Amino acid sequence: MSVHIQALIITFAALFFLLCANAARAGETAHVAVASNFKSAMDALETAFEEQSGHELVVTAGSTGKLYAQIVNGAPFDVLLAADEARPRRLLEGGLVHSDAVFTYATGKLVLWDPAGRAVGPDRLQGGAFRRLALANPDLAPYGAAARDVLPALGVSGLPRRKQVMGENIGQTFAFVKTQNADLGFVALSQILSLPPEKRGAYWAPPDTLYTPIHQDAALLARADGNSAAFDFFEYLKSDDAAAVIRRFGYEREES
């Protein structure tokens, strides 16, 4: 075999292995844990990212508190999109985050919602003009903690238990109101904007000064080391394209 032919064989073999390596890289899978309030926005981000990258995302939604507990106990997530900034920071302090890979990807807005379109606002809360008010569990869900801050700030406290229904997370809370298990509820603005306009009913946004800002942080977890899908998605979240999607769903997002 001539030296020329041997060189060609070596070149083609190198190209073959390079193509295989690139194909394997493009086809990786990342497991993403996402706060319930962000699920609709995440669906849009997932579609755009997978089309651009060739990677696949496996998404699990739930309350930030439960997702945090699962990660601490070894759940196989690569990225966390929390509904607060405290738990990603705790994961960072606990050595469960890759390097210092934590940043605020969105700031959420709390709203009081009546899908039937009846007037909503402080007067309705203060007058008790509702059958049941839905709230997310404030110990697990940051939007529930925000609602807990708003009520006494409006002079509403000591609601009878029969007039409350508590969701495990903001997704379940939204479902309680949407299915009329509660006629009024504190939910995320993003959840309402994910509905067709004719189904959005009436909603009121409490002043931001009445509750701690809902800064939602993302964390690239330590177990993602070597997973290009996780790293690429985490970088995509910082992009202008991702920011445009996030704003479309009712979140605030600082310019990159």
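Why does Arg148 count as partly exposed? Select Arg148 to begin: it counts as partly exposed because its relative accessibility is 44%, where buried means under 20% relative accessible area, exposed over 50%, and partly exposed in between (1.4 Å probe, protein chains only).

Before the next stop, a word on the model: it is predicted, so local features need pLDDT of at least 70 and side-chain atom pairs count only at pLDDT 80 or more, while totals for chains, interfaces and linings use all residues. Residues are numbered from 1 along each chain as its sequence is written, and side-chain values use heavy atoms, with hydrogens and water left out.

Arg148 forms a salt bridge with Asp139, with the closest N and O atoms 3.9 Å apart; the term stands for a side-chain nitrogen of Lys or Arg within 4 Å of a carboxyl oxygen of Asp or Glu. Asp139 counts as exposed because its relative accessibility is 55%. Side chains of opposite charge can pair when their charged atoms come close. By this rule the count comes to 11 salt bridges.

Next, select Glu235 and Lys238. Their side chains meet in a salt bridge at 3.3 Å, N to O. Glu235 is partly exposed, with a relative accessible area of 47%, and Lys238 counts as partly exposed at 32% relative accessibility.

For a pair in another setting, go to Arg87 and Asp84. Both are buried, and the closest N and O atoms of their salt bridge are 2.6 Å apart.

Then select Asp114, Arg118, Arg124 and Asp183 together: they are linked in a network of salt bridges. Centre the view on Arg124, in helix 5 (residues 122-127); helices are DSSP runs (H or I, at least four residues), numbered from the N terminus. Arg124 counts as buried because its relative accessibility is 10%. Beyond its neighbours within four places in sequence, its contacts (heavy atoms within 4.5 Å) include Ala119, Ala129, Phe130 and Leu184.

Last stop: the cavity. What is the volume of the largest cavity? About 50 Å³, taken as the space filled by probe spheres set on the points, which are joined across faces, edges and corners. A cavity is a set of points on a 1 Å grid over the protein atoms alone where a 1.4 Å probe fits but cannot get out, and lining residues have an atom within 4 Å of a point. To see the lining, select residues including Ser36, Asn37, Tyr143 and Ile170.

Note on methods
Helix = DSSP H or I, 4+ residues; strand = E, 2+ residues; numbered from the N terminus. 1 Å grid on protein atoms, 1.4 Å probe; cavity = no way out; pocket = protein on both sides within 12 Å on 5 of 7 lines; lining within 4 Å.
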